Amino acid sequence: MSTRRRRPITQPPHSSGRHLKGLRSLIIDPSQIPSAVDYAWEDQSRWLDAPYFTAGLHDDIHIPSVSTDYTTIDRGNSSPRLLRMSCYSIPASATLAITSSVPIGFIFQPFADQGSGEESVPEVSYQDEAPPRCQKCLGYINPWVTWTASGQIWICNLCNERNEGDKITRFPVMTLTPTFVVPAALFSPLDRLGRRADSSKRPELNRGTVDFLVTSESKYHATQPLPRLLPSFVSSPGTPLKSIEEHDMRAPVPMSTLFVIDVSFMASSSGIVRSICDSIRYALYGAPPNEVSTSAGTAVADPAMRVGFLTFDSTLHYWTLPSDRSLNPSMCIVSDIDDVFVPLREGIFADPVEARLRRHSFRSTIEALLDLIPNTFEVYSSPHVAAGAAIRGGLAALSRIGGQILLFQSSLCSYGPGLLVPRGESELAGTAKEHTLFVPQDPSWSDLAEECAESGVGINAWVFPESFVDVATVGALTSTTGGELFFHPRYNITRDEQVLKSELARILSRATGYNCSIRVRCSDGLHVSQYLSLISQPTNETAAPGIIGADTSISGLITHNGHGSGPSGDLDDREDVYVQAAILYTSVSGQRKVRVCNMRLGRPSRMVGNVFRGADMDAGVTLLLKEAALLTPSRTLAEIRASVTQKLVDLLTAYRKYCAAAVQTDKLILPESYKLLPVLGNAMLKTKALKGGFVSSDVRSSTHHHILSEGVTPTISRLYPRIISVHNLPQKVGIPDPGTGRLTLAYRTPASYAYLEADGAYLLDNGEVTILWLGNSVSPQILLDLFGVEDWDTLGPSLSHLPRSQTLLSVQVRNLIAHEETRRGGRVVPFVIARQNLDAAELEFGNMLVEDANNDGLSYADYMCHVHNMIVERLTKPTGWGLFSD
């Protein structure tokens with residue numbers, strides 16, 4: 001499908017970047033280069049009416065793009081929403097893996113939202129028994145194990161171990177050798193093809209993803225953390241000593257959430273505290289009856305969750321939530337913030353649903369407290385912010401049971417343990433010491449984060465700074481414990497409160513696990529060499545986040561370990577390759593479960609071309625970006641940008657040398673599976689985490705956190721935003737299809753000013769912000785349909801949402817915005833108007849047009865020329881090529 005180009009506008013000078021210097025080895029026609037929007041349209045068209053069956057990898061290795069709306073049917077492999085591989089045709093040897101330079105790894109997002117119409121993850125219980133596991137590698141039973149001996153023995157697909165069950169004292173006639181049998185609950189006879197008779201009735205034997213219930217199995221319970229030599233808090237007075245056995249295991253209970261709120265003078269006087277309390281009320285109980293919600297839905301917190309409140313300025317304030325409705329909430333102050341302890345034995349946590357059921361015509365205790373907190377501290381509060389002590393106090397309340405802390409902080413931690421000071425980033429930016437801005441300023445914050453993770457406590461943080469707040473330090477709490485970071489600089493209540501409400505509602509209502517342990521196992525000959533994450537890792541094989549939610553992922557690289565069953569320790573190309581990702585967790589409702597995601601990758605390849613055919617660009621680019629983000633604490637940004645380009649060149653050179661050697665050198669040949677690598681690679685260099693020029697270290701650190709924690713879908717949206725031409729929308733776009741009920745989507749506009757028109761209006765969404773760009777010649781009818789006005793001077797940057805007009809265009813655009821919110825699980829992002837050559841928001845809009853020369857970087861066409869020059873040089877001077885250059 002071709003893109004209409006009528007009266008294009010030129011790129012404004014304020015958003016210009018660099019231009020390619022020197023001779024060009026390649027003359028590029030911009031209309032002939034691979035188009036990201038054509039690729040997205042073709043992929044969406046492919047899966048529009050056809051479901052994706054997860055077990056067809058031998059015949060078709062085409063995985064739906066993350067930008068596509070598709071429906072998955074689980075046929076033994078996990079959905080790519082949950083477990084996505086960067087390559088579905090694994091190289092048979094380490095040498096071939098290095099030669100191809102294709103990233104080999106995975107992105108594991110265990111609680112990702114299922115698509116519309118997809119079945120939920122089934123639960124499997126073996127009553128009082130543990131789920132069957134391999135006796136050698138400890139992998140879980142799955143659809144790809146094989147059965148023999150009339151169904152009494154199963155062979156592990158990961159390590160080929162014969163699992164014969166428990167030895168029993170049953171002696172067949174004429175022999176004294178004991179037999180081995182699988183447990184009675186697992187036994188089933190086999191048919192003549194070796195298939196179990198009950199395989200269609202057992203989800204663990206026909207579904208790629210299952211939840212094993214292990215609540216009754218104490219060996220699967222979380223362990224209590226070992227006592228620390230220098231603990232961050234003091235045990236509460238009168239806490240009884242327990243035996244070693246009582247300390248070892250932690251019985252699963254419903255998750256507790258502690259709201260830790262900065263009520264210092266800056267936060268209280270600006271109205272942020274009241275806005276936070278109103279948003280918490282919305283997240284717990286939904287919108288009031290007389291209030292119309294503008295979000296995708298009115299989300300209410302999981303009813304099994306218990307909540308508590310801790311406020312802080314220069315002291316800590318624990319709030320009691322009495323079950324007796326005749327009693328009011330009360331505050332207990334801890335002024336000794338160097339030796340934090342919990343002053344209360346009970347009453348800190350309450351059930352918000354029970355509290356409201358008891359209220360009848362009265363407000364619940366929690367709602368009364370949410371009114372009391374801002375009223376109390378608007379009268380008097382300290383200017384100091386003891387954020388470090390507040391986290392220690394929160395950990396003290398949750399250390400024995402686990403749970404999550406929701407931290408709300410407005411200013412730099414200026415008091416007590418973990419005291420922070422401004423870093424002088426303007427002097428360090430662009431120097432060899434710039435990387436020091438992206439590591440915690442005080443090591444005690446990293447130690448505190450590890451202690452939280454060990455205790456099964458995760459931290460989600462909201463930061464509302466007016467100036468430097470040291471996100472690199474505060475973010476260590478969220479990155480290590482598996483939580484999320486929400487960055488709201490210069491928070492405006494009118495503009496941003498709806499965003500905050502949706503973020504809190506999402507956090508409290510989505511699927512979440514706590515007290516977690518993650519392990520990814522591979523077939524013999526492969527292993528996870530590195531987790532591309534800052535999540536706590538007690539061993540090289542396991543990650544142990546305090547919490548992990550539906551929007552959080554953990555990624556890793558897979559390499560050969562020389563222990564395969566093929567020649568010289570390579571993989572045996574006669575046997576399929578498998579990956580199994582498992583997470584042991586406690587659900588919000590208090591059930592202990594193991595979620596297991598399985599992946600059968602087919603037989604390994606001994607040809608470079610097959611490796612490229614099995615590559616997944618979305619996952620591969622995501623892994624490359626995560627690798628780059630991990631380098632920021634130790635390398636300069638210029639070195640990291642050069643490393644990213646070098647890895648792209650390595651990959652494309654390998655394809656050119658081994659798969660297209662007969663083509664003339666002056667032609668750039670791109671693999672079909674990675675044909676958008678130049679535009680996405682260039683976009684990586686333009687992210688706020690890596691781009692040149694001055695960017696606040698808080699902004700860079702916030703972006704680092706998101707890159708390392710988010711899944712594939714938001715990563716690709718961040719790199720190449722969706723842009724829709726609003727002024728010429730077809731009538732059916734943005735309107736549900738009468739037959740299927742699915743929203744009809746629009747063809748997207750390339751991310752370049754060259755494709756915009758001065759009389760047009762364009763809607764951009766990159767997962768972090770929605771911008772409506774209006775050309776300076778936009779039709780007054782467009783303004784009338786969308787805003788009810790004809791003069792754009794009446795519009796202002798303070799407009800925070802699209803008015804609810806009943807015109808066709810307004811309905812279409814609002815439906816398209818709501819569709820993106822639904823893809824994010826109902827989370828709203830800021831809505832901004834950018835009028836051409838008038839609003840400051842146009843600078844942000846222009847920076848997201850990644851095909852242009854901006855963000856101190858090259859245009860898409862120039863970057864392709866730059867990459868091609870490096871490939872030609874590599875081919876003519878091949879010494880040392882093929883290895884990733886860091």
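Predicted model: local features only at pLDDT ≥ 70, side-chain atom pairs only at ≥ 80, totals over all residues.

Trainee: Why is Val457 called buried?

Mentor: Buried means under 20% relative accessible area. Val457 has 0% relative accessibility and therefore counts as buried. This residue lies in strand 19, residues 457-463. Leaving aside neighbours within four places in sequence, Val457 is in contact with Leu395, Leu398, Gly402, Gly403, Ile405, Cys452, Thr481 and Gly546.

Trainee: What makes Thr770 count as buried?

Mentor: The cut-off is again under 20%. Thr770 has 3% relative accessibility, so Thr770 counts as buried. Thr770 lies in strand 30, residues 770-774. Not counting residues up to four places away in sequence, Thr770 touches Leu763, Leu764, Asp765, Val829, Pro830, Phe831 and Val832.

Trainee: Why is strand 30 described as mostly covered?

Mentor: Five of the five residues of strand 30 are buried. Thr770, Leu772 and Leu774 point one way, whereas Ile771 and Trp773 point the other way. In a regular strand the side chains alternate between the two faces of the sheet.

Trainee: How do you know that strand 29 and strand 30 are paired?

Mentor: Two strands pair if at least two bridges are found between them. Five bridges join strand 29, residues 761-765, to strand 30, and the two run antiparallel. Ala761, for example, stands opposite Leu774 in strand 30. The two strands form a hairpin with four residues between them, and Gly767 in the turn has a positive phi of about 90°.

Trainee: What makes strand 31 a partner of strand 30?

Mentor: The requirement is at least two bridges. Strand 30 and strand 31, residues 831-835, pair over five bridges in the parallel sense. Leu774 has Arg835 of strand 31 as a bridge partner.

Trainee: Why are strand 6 and strand 8 called edge strands?

Mentor: An open sheet of three strands has the order 6-7-8, with antiparallel pairing. Strand 6 (146-148) and strand 8 (162-163) each pair on one side only. Strand 6 meets strand 7, residues 153-155, over three bridges in the antiparallel sense, and Thr148 has Ile153 of strand 7 as its bridge partner.

Trainee: Why are helix 11 and helix 17 called roughly parallel?

Mentor: Angles under 35 degrees count as roughly parallel. The axes of helix 11 (residues 471-481) and helix 17 (residues 697-709) cross at roughly 15° and come within 9 Å. The two helices are therefore roughly parallel to each other. The contact is made by Val471, Ala472, Gly475, Thr478 and Ser479 of helix 11, with Asp698, Ser701, Ser702 and His705 of helix 17. By class, this contact has two nonpolar, six polar and one charged residues.

Trainee: What makes helix 16 roughly perpendicular to helix 22?

Mentor: That term applies to angles of 65 to 115 degrees. Helix 16 (residues 677-685) and helix 22 (residues 860-876) pack at an angle of about 105°, with their axes 9 Å apart. Helix 16 is therefore roughly perpendicular to helix 22. Pro678, Val679, Gly681, Asn682 and Leu685 of helix 16 make the contact with Tyr860, Tyr863 and Met864 of helix 22. The residues of this contact divide into six nonpolar, two polar and no charged.

Notes
Residues numbered from 1 in each chain as written. Heavy atoms only, no water. Axes fitted to C-alpha atoms, helices over the stretch in contact; angles between N-to-C directions. Parallel < 35°, antiparallel > 145°, perpendicular 65-115°, else oblique. Contact = heavy atoms within 4.5 Å. Nonpolar A, V, L, I, M, F, W, Y, C, P; charged D, E, K, R; others polar. Buried < 20%, exposed > 50% of the residue type's maximum accessible area, 1.4 Å probe, protein only.
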